[in-house]
Protein chains: 2
Amino acid sequence: MTPPQEMTPTQAREAFRAGLRVPTSGYCRGWTQANLISLPREYAYDFLLFAQRNPQPCPVLEVTEPGETSAGIFAGDLRTDLPAYRVYRDGELVEERTDVTELWRDDLVSFLVGCSFTFESALLEAGVPVRHLDTGRNVPMYRTNRQCRPAGRLSGPLVVSMRPVPAELVPAAVRITSRYPAVHGAPVHVGEPAELGITDVDRPDFGDPVEIRPGEIPVFWACGVTPQAAVMQSRPPFAIGHAPGHMAITDARDSSFQVP
Amino acid sequence: MTPPQEMTPTQAREAFRAGLRVPTSGYCRGWTQANLISLPREYAYDFLLFAQRNPQPCPVLEVTEPGETSAGIFAGDLRTDLPAYRVYRDGELVEERTDVTELWRDDLVSFLVGCSFTFESALLEAGVPVRHLDTGRNVPMYRTNRQCRPAGRLSGPLVVSMRPVPAELVPAAVRITSRYPAVHGAPVHVGEPAELGITDVDRPDFGDPVEIRPGEIPVFWACGVTPQAAVMQSRPPFAIGHAPGHMAITDARDSSFQVP
């Protein structure tokens, strides 16, 4: 079988459609990964405005027409081609599943939101290690004490992902990721998890814990799970998101989201 | 009287509110200028999606709540503090006026969209001349043959602004403006107006013509009048925009829209 990092987006999507359920970090090197949030049309304006007001956690890459099952930068089927989905009713997570075809609705508008996995290959190339990749885990993600700017009926906390970075490589990590503003860009915080309201870095709200070794600093980037935290807080009647870390792999190149 | 370039945003807005009707290029050096488009709430999603799909001509800096008359980055009154406005009914330009207070509606959502005047002081500092500034004119703007990606009921052509740049300074002009993606960023075209469908550069669709001297190349940037061209083509029942070149002067610093 093709190693995950060498798969094309089409190959990876086929594998996920066939039932493979894994976090997508490290898959399809060079191809952009995206968060998914699908909401009823009557919530679409509130969400697009929420994203406009919170561009660092919610950089919108693509928006579908109501009911559409693929998107400009995603030639696959949004209902089947992600490894796993989360289903929300009135803000409650009611189900996690690998296929949402039978739950799909004609009024669902789907938003693809940039994902920090996109810049991980640039980090690796620069010699910045990515612990969850090395250890085959999902990235750890945390709800923070920072509130996003609300929009209409939507409000919620900023969610962040964390990567431990050796202290001497923190400047490189900041510099490299700041070139990718459409996939969360530079970190929002370096060190001091308590200031973000994170009481225990070993107990992430989403994903898996990773070891922070001596000499390493926890570095926090805005995370595209933020829309799902807003769904949980704001309780729209229905929503579908990706399972955190189990992303939509798009047909867009990482490099297309890099700025000079 | 304070020279225009040294005015604060508050001073300039007061002057405009009192009736001064001038293009704002060169005003309030260092402060961000913005295009205005105000649309009924029922068109707000279509417009925000149009902007998301066409970020180069329509970089949204701020969105108001329905009926609001000021915005986060604009402490003035959106109904009076621009030098001039254009009023559209069913897509027809019906009126140009300096105050739209009596036309204001509780359902109007106002969008502030980045303006290329914002990077003109950076061009000047780098020795790139800005002809319309030197000659006290409005910038020339043109409808092009390039269509924007439509969104819902909104579609229309890309509108561009033009600045003649000495050939040897074109690279500097590209480099400098590419650092300002939120105010249109790098040019969309360098030279060859005919390829954009511009048959006569001396007859702009908006603003004033400017001289292109020997050795100068016409350089075209995406323009925030694009939303008004979409209004003209798509004919929403009601819309208010700024008079082209007569911008909203905001309380945000130019530098806040600069990327490294």
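Leaving aside its neighbours within four places in sequence, with which residues is Pro9(B) in contact? They are Cys28(B), Trp31(B), Ile249(B), Thr250(B) and Asp251(B), where contact means heavy atoms within 4.5 Å. The model is predicted: local features need pLDDT of at least 70 and side-chain atom pairs count only at pLDDT 80 or more, whereas totals for chains, interfaces and linings use all residues. Residues are numbered from 1 along each chain as its sequence is written, chains are lettered from A and ligands numbered from 1 in the order in which they are written, and side-chain values use heavy atoms, with hydrogens and water left out.

**Interface of chain A and chain B**

- Chain A contributes 18 residues to the contact, and chain B contributes 18 residues.
- About 1,500 Å² is buried between chain A and chain B, and carbon and sulfur atoms give 48% of this area; buried area is the accessible area (1.4 Å probe) that two parts lose on being put together, summed over both.
- Of the area that chain A buries against chain B, 39% is supplied by Tyr45(A), Leu48(A) and Gln52(A), more than by any other three residues.
- The rule finds four salt bridges across the interface, a salt bridge being a side-chain nitrogen of Lys or Arg within 4 Å of a carboxyl oxygen of Asp or Glu.
- Glu62(A) and Arg149(B) meet through their side chains in a salt bridge of 3.0 Å, N to O.
- Eight residue pairs, with both residues at pLDDT 80 or more, are in polar contact between chain A and chain B. A polar contact is a pair of N or O atoms within 3.5 Å; within protein, one must be able to donate a hydrogen and the other to accept it, and residues adjacent in sequence count only if both atoms are side-chain atoms.
- On the side of chain A that touches chain B, the elements that give two or more residues are helix 2 (44-53), strand 2 (60-63) and strand 5 (108-114) of chain A. Helices (H or I, at least four residues) and strands (E, at least two) are DSSP runs, numbered from the N terminus.
- Helix 2 of chain A provides the largest share of that side, seven residues.
- The residues of that side of chain A divide into ten nonpolar, two polar and six charged. Ala, Val, Leu, Ile, Met, Phe, Trp, Tyr, Cys and Pro count as nonpolar, Asp, Glu, Lys and Arg as charged, and the others, Gly among them, as polar.

**Strand 1 of chain A and its partners**

- Strand 1 (residues 31-40) of chain A is mostly covered, with ten of its ten residues buried. Buried means under 20% relative accessible area, exposed over 50%, and partly exposed in between (1.4 Å probe, protein chains only).
- Strand 1 and strand 5 of chain A run antiparallel and are joined by seven bridges; two strands pair if DSSP finds at least two bridges between them.
- Within strand 5 of chain A, Gly114(A) is the bridge partner of Ala34(A).
- Strand 11 (residues 248-253) of chain A runs antiparallel to strand 1 with three bridges, and its Ile249(A) stands opposite Gln33(A).
- Strand 10 (residues 238-242) of chain A is also antiparallel to strand 1, through two bridges, and Ser38(A) stands opposite Ile240(A) in strand 10.

**Helix 6 of chain A**

- Helix 6 (residues 226-234) of chain A is largely enclosed by the rest of the structure, because seven of its nine residues are buried.
- The buried residues include Thr226(A), Pro227(A), Val231(A) and Ser234(A).
- These buried residues pack against strand 1, helix 2, strand 3 (85-89), strand 7 (157-166) and strand 10 of chain A.

**Individual residues**

- Arg163(A) lies in strand 7 of chain A and is buried, with a relative accessible area of 1%.
- The side chains of Arg163(A) and Ser161(A) are joined by a polar contact of 2.9 Å.
- Pro9(B), in helix 1 (residues 9-17) of chain B, is buried at a relative accessible area of 3%.
- Thr135(B) is in the loop between helix 4 (131-134) and strand 6 (141-147) of chain B and is partly exposed, with a relative accessible area of 41%.
- The side chain of Thr135(B) reaches the backbone oxygen of Arg131(B) at 2.8 Å.
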